[in-house]
Amino acid sequence: MPRKKAEELLVKDQEVIDSDIERLRNEQRKLVNELRDLEHLSPVKGFDMKPLARDEMSALQANLLNFSEGKIFTEKLLEKPASVPMKTDAEKTIEILEASERVADKILVNKQEIIDLDKRRQANREALRELRKSQEGKHWISVGNLLVEMPRKKAEELLVKDQEVIDSDIERLRNEQRKLVNELRDLEHLSPAKGFDMKPLARDEMSALQANLLNF
């Protein structure tokens with residue numbers, strides 16, 4: 001007969017055999033319990049339990065696997081973290097001193113940079129004052145390491161732009177300086193400097209204040 005037909009017959013025969021075995025096992029359980037009842041004995045515990053089917057066994061194994069993974073995950077969560085060695089007082093003191101030195105060095109560098117920028121700003125003011133007084137059409141100005149001759153108006157524009165950049169850099173450094181000073185005082189366990197973070201009034205704000213004082 002064809003291979004497929006033979007396979008179907010064997011599968012059906014296997015099902016019939018499995019059914020007969022299951023029927024005989026059930027009958028065997030009943031007969032054993034009936035015999036023990038005639039002998040006035042208690043039934044055999046667990047004797048009437050049926051084996052799990054293949055799909056039931058697969059589901060049970062999957063549940064056991066999930067339970068095992070969950071247990072492992074829970075155990076990992078409950079594990080105590082590795083103890084971090086505590087730093088000694090001497091090590092903490094050294095760290096604070098090193099941090100204080102770094103901040104103090106940065107404060108000194110910023111201070112020197114502000115001084116240099118302020119000198120350059122004063123030189124620009126003097127140059128602008130002389131340019132505005134002069135009646136000549138062209139002037140020599142220094143651009144970096146070069147000496148360049150250019151019209152008076154162009155030279156004045158360059159000086160004004162340079163002055164704006166210098167003012168912006170000085171303001172940025174002063175703001176950074178305030179933060180660094182407070183950081184240094186915090187490392188030294190001192191209270192923040194009072195009034196150190198105050199900003200000066202701008203020219204228009206000063207004019208408005210003076211006008212209000214005069215009216216008052």
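Student: By class, how many nonpolar, polar and charged residues does the lining of the second largest pocket have?

Tutor: The model is a predicted one, and in it the lining of the second largest pocket has five nonpolar, three polar and two charged residues. The residues concerned are Arg120, Asn124, Ala127, Ile141, Ser142, Val143, Gly144, Leu158, Leu159 and Asp162, and the elements that contribute two or more of them are helix α3 (89-133), strand β1 (138-143) and helix α4 (152-187). The volume of this second largest pocket is about 210 Å³.

Two names in that lining, Ile141 and Leu159, return in the largest nonpolar core, whose six residues are Leu128, Leu131, Ile141, Met150, Ala155 and Leu159. Helices α3 and α4 each supply at least two residues of this core. As a general point, nonpolar side chains in soluble globular proteins tend to be buried together.

Elsewhere, Ser100 belongs to helix α3, and Ser100 counts as buried because its relative accessibility is 13%, where the cut-off for buried is under 20%. With residues up to four places away in sequence again left out, Ser100 touches Leu184 and Leu187.

Technical notes
Residues numbered from 1 in each chain as written. Predicted model: local features only at pLDDT ≥ 70, side-chain atom pairs only at ≥ 80, totals over all residues. Heavy atoms only, no water. 1 Å grid on protein atoms, 1.4 Å probe; cavity = no way out; pocket = protein on both sides within 12 Å on 5 of 7 lines; lining within 4 Å. Points joined across faces, edges and corners; volume = space filled by probe spheres on them. Helix = DSSP H or I, 4+ residues; strand = E, 2+ residues; numbered from the N terminus. Nonpolar A, V, L, I, M, F, W, Y, C, P; charged D, E, K, R; others polar. Buried < 20%, exposed > 50% of the residue type's maximum accessible area, 1.4 Å probe, protein only. Contact = heavy atoms within 4.5 Å. Core = buried A, V, L, I, M, F, W, Y, C linked by side-chain atoms within 4.5 Å.
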